[in-house]
Amino acid sequence: MSIVPKEAIEVIAQSIGITNLSPEVALALAPDVEYRVREIMQEAIKCMRHSRRTSLTADDVDGALKLRNVEPIYGFTSGDPLRFKRAAGHKDLFYIDDKDVEFKDVIDAPLAKAPLDTSVNTHWLAIEGVQPAIPENASVEALAVPSDGKKSEYSEVLIDLKLPVKHVLSGELRLYFKHITELIVNKSGSVLLKEALVSLATDSGLHPLVPYFTYFIADEVTRNLNDFPLLFALMRVVRSLLRNPHIHIDPYLHQLMPSVITCLVAKRLGNRSSDNHWELRNFTANIVASICKRFGHVYHNLQPRVTRTLLHTFLDPTKALPQHYGAIQGLSALGPSVVRLLILPNLEPYLQLLAPEMIHEEQKNEMKRHKAWRVYGALLFAAGQCMYDRVKMFPGLLSPPTPAILKTNAKVVPTMLKKRKASTDNLMHQPSLKKVATDGKMGVIPMNSMQIDTQGTTGGYSTAAGGSGVGLSSMSRQLPGREVGGRVVKTSTVLSQAWKEDMDAGQMLASLFELFGESVLTFTPKPELSFFL
Amino acid sequence: MEEDQLEKFVVAYLKKKGFKQAEHAFQEELQQHQSKNNSSSSISTNSITDPDFAKHLLSFPELENVPARYQDGYSKLRSWTYSSLDLYKHELIRVLYPVFIHCFMDLVVKGHIQEARTFFNSFREDHEMMHSRDLQKLEGVLSPSHLEEMEFAHSLRHNKVKIKICQYSYDLLLQYLHKTQLTIMLGIINEHINFQVSPGQPISISDDAEVVTLIGSSQDEATQINQKEIHWGLLEDSLEERLEKSGVLLSDSEKAEGETKEGELDESKKRSVEGGKQGSSTKKLKKDKAASATGKTGRPEANAVITAPRVKPELALPVISTEVEKSILEDLRNRVQLSSVSLPSVNFYTFINTHNGLNCSSISHDGSLVAGGFSDSSLKVWDMAKLGQEAVGSVLQGENDTTSSEHVLGSNGGKRSYTLFQGHSGPVYSATFSPLGDFLLSSSADSTVRLWSTTMNANLVCYKGHNYPVWDVQFSPLGHYFASASHDRTARIWSMDRIQPLRIMAGHLSDVDCVQWHVNCNYIATGSSDKTVRLWDVQSGECVRIFIGHRSMVLSLAMSSDGRYMASGDEDGAIMMWDLSSGRCVTPLMGHTSCVWSLAFSCEGSLLASGSADCTVKLWDVTASTKVPRTEENKSGNTNRLRSLRTLPTKSSPVYALRFSRRNLLFAGGVLSKSV
């Protein structure tokens, strides 16, 4: 009936020495006690209001008791909250846990700091009705919600605490993530991993894990650049994630791209010579291309940033050959137009740079020569692909092959290079050199215009290691004295104009033929090839 | 109607009521009766003819389960009310609350405590919004004796609630009650509700606030009181008036005139002080009053564009020295005109490190002095002019302290930025500066009011008279007199030179929580925990207005400078604007979410500022609704609401005090409370 239980009355009676309280009395007293307590609390609320407070304190209750001429209850005004403890063996009996304090401790304790004295500060809350933005005034956020003061009251607390965003991940997902990551790290290449990759590419409930995977990939790539199998496994995971139709990976791309680009153009991938990092680069190049293809229209600066990063790597002679290889692969995977736009104009000078590396006499190191040949192969592939595309597009544009081309038809590339080098070594042809330089600039122009909307963004991706300032002109500056027979000049001019839409496919083919020899012909479509031959 | 059946009823009734002896006697008599008049026909056949009444009687034996019938009856009435026609619904719903609380109290009186509680809890939600405070009070009632003891319940039991209702609703209600034989409900309604049946259309929803509020005193009394005449005009010959009269420049002749008037006043004041309060002849004053009420008879300012009528002071007013007068006039001339488009600048005084001990704060008229009353019985005054020099002029401060009296603790006074006034023996609940800032009054839980001199830094007088904590004290607008409000349910008028109160205003049914002077010093307003605001005539000590409408304790009051309106703020954050002459609420201002601690009208009365525990200062546009032609306003009342112009949030500082300076700069005081 009353919220004060009869037992409480009995306990209090006992505590003040009344042992023979009959249950009826306790029962009758209980409601009255409740009524009195309520009465006192109402008085206490009055005291609270007149103390201009909105929370009730022990002082208010004391004040109310005084109003009723009742002895106040002493000892409750201290700041510590009271701890009520349940008496052992009793369900409804509580007592206040009042700890014994050693006198010695109290005496020995250092004096508490004197509380700061009350003072008054003054500031402008408003000047002609407008609140100045000074630290003494409430912040703008509080202004935004003036209507409900309750919220603004608590917003203060929220600002101080800044609760962390709690991301709830189910136990199953956590287990899944743990297993997958373990698989990737420890058993890359196992059959189990293949299963896992399939699962990653198809399972529908994995979206909550995407941020964790992207973070994991980024983390592992930066830490384990010399662990080839792991890198390969990671790239496979990326591909699987990209393939999964239930995952919206867009928001995490910016986290993912640096790792991917790293796997494409890093200086060293894996620490053993047996590691087939070429394959990894090819694989990654395809991933990059697929990403650009899929998200290029959503993030219009994605492809320009990627190509710029790759181009910088490609045009930087200080970079190692595998890096060039990766860049070329990446660019060529982006499609023939990219190749035409970015590689072909720079093909001629680059090949000249590459030539010495490929020749047995010049480069004694078998490994390096191998690398150079790899790069050459990539270039050839890229150029060939591009040409194939052109020829297929404009079959009618094929011009009758020039005698010069037919003449050099049978030459093997190295010999051609050798010969050209020999012929040009002693020739200083100033005007043509200049020409190359200007051509180089011309080749850069389309790239710049393409990137016009990304001017504000900072450079390429982070893996585009330094020296990006090295452009074509510097490259051509490094080649003085190696230039250049008139005919070669002509080829380079032709190639440097390759970005033009209406470029004659036949001329291009001819120029490429100049550079690559007949191996380029394997890329021309069959009917056209027969036309040549 | 068989006779024996009737007898059975009577017996059953007596049995049920426990009248054993009566029952016995009745039966004996009955037997005698039967033996005597066996042959004759029944004598009582003609006594009962009304079949309806018989039906009611029939239902008596069924009354064994009383609590269930209350519960049942109320819930039936409730569901019927809620499903009634929308047009009449709100009128009928008004009936529910009184029925509800009386049902509850009936149950308690009959001793069905447990049932009363379940009844209360099952239906209290309906009324929670409107009457939460009352319900909280009633909730604790657990025995019939509590009902007797509790004043609120007592007054409810002994007074009828008046409910305005239209004829049709009334008929509907009665029909329903008769048809369904909810006799208990009918009984309660008959016993405790007084219907004011009005023909025609149901009353609009908007003015139900005052209809529904239950006050202890009968409402008839309130309306009767509110019909008294009141003269809310400004004081004649006030400084403002003189300024208006003279324009910007004070011509010498007028000034001389003013001085002679002052001389008269001075004389009259002396007379009154010498001869006690009765010295100023009330007869003459009344005549004056009548004269001013009828019209401005041949007054020079009659042709001026002054809207507020002028009244004579009923009190002998203090003299203002010419020097002070000059400075005030200077201020008035430099006053910034505020309106809804030109808002005031607000200077905020933040108390820091109060350790939750600050109970009140007050700001002097020029904003140079700020007082804070603390729960440790101390009163501290900061001089803002010295605040800037604090770092440099600490020596100077120390000098001041040493010259001050023993009331100021000078032990480490050199470092203190404030003047400490000690003398009270309980929490200080209120402080007020005299208009010139030379005196300070404080009221405390020790039931005294103390007068302090801010020039001498000393306690001058201790006024004892209240028996309980004094919640509020306010200087009159012209000084010398002050009013206090106390837990002992009275407000008292004092003058500085007497230690006994001049008037005691009694009538509130609960604590008087706040007090405010009318600008013409002839009236004071008091706000109380009984949720009413009353206006008292200072001269006669009578209550001249009761303002009913607040739903919780009234915490703050303010009078408009033209004397026509009053604003009151309550615990729930509601602010009400009252028209003093009609006694009606002009418009309720909703916006604050917590206690409204302080209210202030701007000097020309166009803006109202309110400070609240929700850490905001709000500015309201007064002119939007109140400056419509008076005649229309009296009829239509609350046509449009007051606009809230601006909300100025503070940085977690509840606003304790507000004050417009004479130049219309708004000062606000509050305490920085991190724990809010």
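1. Start with the rings: B:Tyr74, B:Phe100, B:Phe104, B:Phe119, B:Phe120 and B:Phe123 are joined into a cluster by ring pairs. Rings of Phe, Tyr and Trp (its six-membered ring) pair if their centres lie within 6.5 Å; planes under 30 degrees apart are called stacked, over 60 edge-to-face, and the rest tilted.

2. A word on the ground rules. This is a predicted model, where local features need pLDDT of at least 70 and side-chain atom pairs count only at pLDDT 80 or more, while totals for chains, interfaces and linings use all residues. Residues are numbered from 1 along each chain as its sequence is written, chains are lettered from A and ligands numbered from 1 in the order in which they are written, and side-chain values use heavy atoms, with hydrogens and water left out.

3. Over all chains, the structure holds 27 aromatic pairs. One of them is B:Phe475 with B:Phe482, edge-to-face at 6.1 Å centre to centre and 65° between the planes. B:Phe475 counts as buried at 6% relative accessibility, and B:Phe482 is buried at 0%. Buried here means under 20% relative accessible area, exposed over 50%, and partly exposed in between (1.4 Å probe, protein chains only).

4. There is also a charge over a ring: the charged end of B:Lys380 sits 4.3 Å from the centre of the B:Phe374 ring. The criterion is NZ of Lys or CZ of Arg within 6 Å of the ring centre and within 35 degrees of the ring normal.

5. Now for chain B overall. The chain has 20 helices and 31 strands (DSSP runs numbered from the N terminus: H or I of at least four residues for helices, E of at least two for strands). Of its 676 residues, 55% count as buried. Among contacts (heavy atoms within 4.5 Å) with a separation of 6 or more in chain B, 57% come from residues 24 or more positions apart.

6. Have a look at B:Ser510, in the loop between β17 (503-506) and β18 (512-517) of chain B. B:Ser510 is buried, with a relative accessible area of 11%. Leaving out residues up to four places away in sequence, B:Ser510 touches A:Lys46 from the other chain letter, plus B:Arg489, B:Ser528, B:Ser529 and B:Asp530.

7. Finally, chain A. A:Phe94 is in strand β2 (residues 94-96) of chain A and is partly exposed, at 44% relative accessible area.
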